[in-house]
Amino acid sequence: MMLSFVMVSSIMMAGNNEPAPKKILPYPIQQGQLPNGLKVVTVPYDSPGLAAFYIVMRVGSRDEIDNGRTGFAHFFEHMMFRGTEKYPKEAYSDALKSTGASANANTSLDRTVYHMTGNAGMLDKMFELESDRFMNLKYSVQDFKTEAGAVKGEYTKNSASPYEQLDEKMNEIAFEKHTYKHTTMGFFKDVVDMPNQYDFSLEFFNKFYRPEYATILVVGDVTQEKVMALATKYFGAWQHGNYVNTIPVEPTQTETKYTHVKMANFPPVVSLNYKSPAYDPTKIDMHALDLLNTVLFSEKSDLYKKLVIEEQKVRGINGGATNSRDPYLSQIYASLVDAKDMQYVKDEIVKAIEKMKTTAVDQTTLDQAKMRMRYSFAMGMDSPTSIAEALAGYIWVTGDPESINKAYEMYDKVTPKDLMDVAKKYYVSTGLTIATISDAENCPVK
Amino acid sequence: MKKLIFNIALLLITAVSFGADVVELKLSKSDIIVIKVMFKNGSICDPSDKAGLTDMTASMIAEGGTKTMTSTQIQDYIYPWAASYFASVDKQVSIFTFEVHKDNLDKFYPVMIDLLKNPRFAEDDFNRIKSNQLNYVDEVIRSSSDEEYSKKYLEDLLFRGTNMQHLVEGTVAGVQSITLDDVKKHYSNFFGSSNMTIGIAGNYSADFLKKITTDLNGMPAAKSAIPEAGKGRQPKDFEVEIVAKDNALGSAIFAGFPMDLTRSNDDFAALMVANSWLGEHRKSYSRLYQKIREQRSMNYGDYTYIEWYNNGGGNMLPRPGFPRSSNYFSIWLRPVQTAKGLKGQYPELKDIEIGHAHFAIRMALREMDQMITKGMNKEDFELTRTFLRSYMKLYAQTPEQQLGYLLDSKFYGRKDWLKEADGLLANLTLEQVNAAMTKYWQTKNMFIAIITDKTEAVPLARSLRDNLDSPMSYSNVLKGVLTPEILNEDKLVQNYVMKVSNINIIDSNTTFK
């Protein structure tokens with residue numbers, strides 16, 4: 001709701017080549033840590049009576065290294081709602097309901113996030129409920145097996161989307177060894193087999209649901225003093241674990257790969273997926289890649305104007321890289337009007353990329369992209385939930401919420417040469433996986 | 001004489017045009033200005049042979065540039081400020097939302113006003129927007145999300161023959177027939193100061209407020225009268241349409257019946273409590289969720305609704321901007337397994353003829369039936385009311401959401417629905433909730449829309465039509481751990497009587513044409 005003066009002046013100064021202020025987030029990020037290693041982050045924000053309470057677990061589908069157990073981090077997220085001895089399932093449901101909070105969880109490549117937004121006056125209860133299940137989760141075999149059906153139901157409803165099907169196929173061929181090979185939902189055969197993995201689920205909880213994997217984040221009508229006191233009271237007894245996962249290293253890709261979903265009566269899709277670096281807040285690469293994608297694919301870009309507005313061969317195009325713990329993908333998607341233009345559109349995208357390797361983008365274009373990024377961020381920070389979401393994104397990828405401020409310092413430093421460098425380094429045919437949707441039998445794009 | 005009539009009409013229009021409602025939300029600490037301009041029109045204003053025209057007109061305004069700037073020039077101009085604007089069209093309203101940082105308000109303002117008052121309506125933009133809209137109704141809606149498809153198809157079934165039937169985006173034939181000239185006419189017929197409400201949120205000045213209201217009130221009045229929204233048909237027993245498509249992994253289900261109740265009526269708060277207990281959106285506390293998902297592992301979730309809930313698959317909390325006077329109750333059962341799917345997953349189920357759809361529908365109806373008959377108990381009532389009073393405060397966390405709910409309130413003849421609902425909930429009694437259920441709910445007459453695989457359609461239709469027993473087909477691994485209570489209850493559910501008076505199988509390729 002409130003943006004500080006610092007934020008506004010940073011935007012104004014960006015255009016004058018004056019040094020930009022250091023912090024994009026105009027609210028203090030107050031960090032603490034319990035003796036058991038649990039990190040506790042508080043961000044006071046003017047939202048009378050309202051607080052967002054997040055627990056960011058640095059465990060996701062990346063951690064699924066065992067054959068036949070893909071999708072398990074996500075499945076486990078479901079199990080976290082199945083109660084404890086103190087609060088068996090129904091008591092947990094009633095207690096959660098009594099807080100009146102909007103509570104849920106989600107899982108992705110590198111993390112599982114549990115969140116509640118609600119009455120700041122109920123924070124004590126929220127801490128109590130969360131600590132109980134994070135420390136004392138207990139579910140029956142029956143609950144375990146029935147929850148597996150809900151996950152299959154989730155897979156079932158997702159599978160209606162050709163984009164989901166494409167994503168599953170694309171990841172599977174883009175990666176050889178790394179666990180990014182499977183989506184967070186997991187392979188369907190593993191999802192069907194989940195009811196048989198009860199013992200493994202206990203092992204999973206024991207390994208990963210430990211304070212060293214967790215960060216508590218509270219944003220809103222709170223003080224650090226109160227949050228630290230609650231964290232100490234409720235999470236102080238959480239035992240530190242000792243498990244460190246070893247994720248297989250992906251070998252360097254050496255040639256372009258292709259995959260395809262055959263689908264009639266659906267707008268054709270061309271997707272180019274380039275291997276991109278792991279996120280490192282101290283390195284320029286990912287920040288330059290983000291700005292490169294903005295310059296290349298935003299509505300202001302030459303490519304968008306040509307393909308979407310003038311030629312009307314493409315319905316929409318976008319490109320973006322995911323901040324991830326290990327090298328993942330920078331992905332470009334174009335939805336086409338006519339499948340006969342698939343090769344042409346792919347060639348035009350590659351042509352635009354190649355131009356970025358040889359011709360430096362002008363400084364004004366880059367400055368405008370940076371300015372847009374800052375305003376876009378500032379305008380999005382309008383509720384405890386949106387601030388918590390933004391911070392959670394940096395916590396799971398780096399472990400440090402201050403990375404959010406560091407990231408925008410890095411964006412400020414990106415030069416036209418950096419854009420050329422990352423285009424040359426990452427947008428290469430040997431790191432590319434092409435994925436398509438059309439009514440053809442096989443990928444119609446070379 | 002003719003001239004005199006014309007002048008009188010003009011005066012009347014002028015008088016009306018200065019009366020556009022204004023909804024203000026002054027936020028002294030906010031640096032963002034949000035402006036929403038709501039027109040009471042919506043897809044009910046589409047001519048019967050040009051379904052989709054209101055949506056296309058709104059898209060042409062929002063995505064087509066102004067008389068002085070093309071859409072590309074506008075995008076270039078506003079790009080560095082990350083200012084944004086978009087149109088949202090529902091059955092009875094179109095809303096244009098503009099968001100800009102206050103640093104850039106003065107620069108953005110003329111563009112914003114021009115978009116609404118002087119849209120470009122160029123041929124090339126029209127071709128692009130029409131192509132995308134046609135693609136949506138012809139392909140995307142049928143092949144992206146079967147649950148969204150089933151929800152839209154239920155409206156097609158429930159409102160058949162009325163101006164509420166078609167998708168907001170229209171029908172294939174409707175969109176195909178729209179010309180640029182139609183758009184221009186529709187704009188002057190249905191987008192005017194006479195059916196407009198202006199909403200503004202942020203730290204704006206009194207001068208700015210005056211300027212924007214004066215400028216927007218300068219729009220001519222809408223030339224056409226806004227039609228009444230059609231009421232849903234009353235189903236006789238159960239009327240079912242099964243939409244069959246290739247390679248559907250599950251059966252997606254939406255059921256419902258018309259309900260003469262909206263947020264305008266205080267009874268709505270009473271039914272909110274009942275509905276929350278039976279099927280609160282994406283909450284594990286609700287009855288259907290517990291029975292169908294948690295106990296029986298049948299799908300991803302099961303919910304009920306007493307008004308339109310936009311993009312339920314994506315939104316955890318309800319979005320404003322979809323106010324309607326013509327309302328209905330609905331049940332959403334997320335995709336359950338088909339026989340083909342189950343047979344592929346578990347050898348022990350190789351002989352089953354239908355999947356879980358019939359059982360899931362029976363289970364939901366039986367639960368609702370019992371709830372109406374027995375009523376809520378005091379404890380559930382108190383807990384659910386407490387939950388809602390707190391939960392509703394989360395509906396409007398951002399200025400944009402707050403302003404949206406205030407505009408909705410205006411539509412329903414309320415000042416601030418979220419506040420008023422809290423007051424109504426505070427004073428509500430259990431007896432009022434139980435009375436509201438009896439008055440507005442029933443379980444014997446409903447429309448049911450099912451999207452499923454071609455192999456499931458015929459046996460499922462037979463099972464429903466003949467009211468056959470539909471025993472649950474659990475895998476061995478699950479059946480072995482289910483309690484006798486659950487298995488015994490299943491026996492009561494599997495032959496719960498559903499009188500189906502009408503059932504049809506529809507080819508997916510023929511829907512929304």
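This is a predicted model: local features need pLDDT of at least 70, side-chain atom pairs count only at pLDDT 80 or more; totals for chains, interfaces and linings use all residues.
Which elements of chain B do the buried residues of α8(B) pack against?

**Stop 1: helix α8 of chain B**

Select residues 180–190 of chain B, which form helix α8. Its buried residues are Val183(B), His186(B), Tyr187(B) and Phe190(B). Around the axis they cover an arc of only 105°, so they sit on the same side of α8(B). Now for the opening question: these buried residues pack against β2 (32–39), α2 (53–63) and α5 (123–143) of chain B.

**Stop 2: helix α17 of chain B**

Move on to residues 430–440 of chain B, helix α17. Show the side chains of Val433(B), Asn434(B), Ala436(B), Met437(B) and Tyr440(B), the buried residues of this helix. Looking down the axis of α17(B), you'll find them within an arc of 155°, so they line one face of the helix. On the face turned away from that buried side, pick out the exposed residues Glu431(B) and Thr438(B).

**Stop 3**

Zoom out and color chain B by its domain assignment: domain 1 is 15–217 and domain 2 is 238–510. Their centres, taken over C-alpha atoms, are separated by 31 Å. Where the domains meet, 34 residues of domain 1 of chain B are in contact with 35 residues of domain 2 of chain B. On the domain 1 side, the elements giving two or more residues are β1 (21–26), β2, β4, α6 and β5 (196–202) of chain B. Highlight α6(B) here, as it gives the largest share of that side, ten residues. Color this side of domain 1 of chain B by class and you get 15 nonpolar, nine polar and ten charged residues.

**Stop 4: where chain B meets chain A**

Bring chain A into view. How many residues does the contact take from chain B, and how many from chain A? It takes 60 from chain B and 55 from chain A. Several elements of chain B each supply at least two residues to the side that touches chain A, among them α3 (71–78), β4 (94–101), α6 (146–158) and β9 (328–337). Select α5(B) next: with eight residues, it provides the largest share of this side of chain B. By class, the side of chain B that touches chain A has 24 nonpolar, 22 polar and 14 charged residues.

**Stop 5: the two domains of chain A**

Now hide chain B. Chain A is assigned domain 1 (26–235) and domain 2 (257–438), and the C-alpha centres of these two domains of chain A lie 28 Å apart. In the contact, 31 residues of domain 1 of chain A meet 29 residues of domain 2 of chain A. On the domain 1 side, β2 (39–44), β3 (50–57), β5 (112–119), α6 (162–174) and β6 (214–220) of chain A each supply at least two residues. The largest share, seven residues, comes from α6(A). This side of domain 1 of chain A has 19 nonpolar, seven polar and five charged residues.

**Stop 6: helix α10 of chain A and two partners**

Select α10(A), residues 285–297, together with α13(A), residues 363–380. They pack at an angle of about 105°, with their axes 10 Å apart, and are therefore roughly perpendicular to each other. From α10(A), Leu291(A), Thr294(A) and Val295(A) meet residues of α13(A) including Leu366(A), Ala369(A) and Met373(A). The residues of this contact of α10(A) with α13(A) are five nonpolar, two polar and one charged.

Among the α10(A) residues here are Ala288(A), Leu291(A) and Val295(A), while α16(A) brings Leu419(A), Val422(A) and Tyr426(A), among others. The contact of α10(A) with α16(A) has nine nonpolar, no polar and three charged residues.

**Last stop: Leu34 of chain A**

Finish at Leu34(A), in the loop between β1 (30–33) and β2 of chain A. Is Leu34(A) buried or partly exposed? Leu34(A) is partly exposed, with 18 other C-beta atoms within 10 Å. Not counting residues up to four places away in sequence, Leu34(A) touches Val40(A), Pro211(A), Ala231(A), Thr232(A), Phe235(A) and Gly236(A). Also check Ala237(A): 203 residues from Leu34(A) along the chain, with 9.8 Å separating the two C-alpha atoms.

Conventions
Residues are numbered from 1 along each chain as its sequence is written. Chains are lettered from A and ligands numbered from 1 in the order in which they are written. Domain bounds come from an automatic or database domain assignment. Two residues are in contact if their C-beta atoms, placed from the backbone, lie within 7 Å. Helices (H or I, at least four residues) and strands (E, at least two) are DSSP runs, numbered from the N terminus. Ala, Val, Leu, Ile, Met, Phe, Trp, Tyr, Cys and Pro count as nonpolar, Asp, Glu, Lys and Arg as charged, and the others, Gly among them, as polar. Axes are lines fitted to C-alpha atoms, for helices over the stretch in contact, and angles run from 0 to 180 degrees between N-to-C directions. Angles under 35 degrees count as roughly parallel, over 145 as roughly antiparallel, 65 to 115 as roughly perpendicular and the rest as oblique. A residue is buried if 20 or more other C-beta atoms lie within 10 Å of its own, exposed if 12 or fewer, and partly exposed in between; C-beta atoms are placed from the backbone. The arc is that of the directions from the helix axis to the C-beta atoms.
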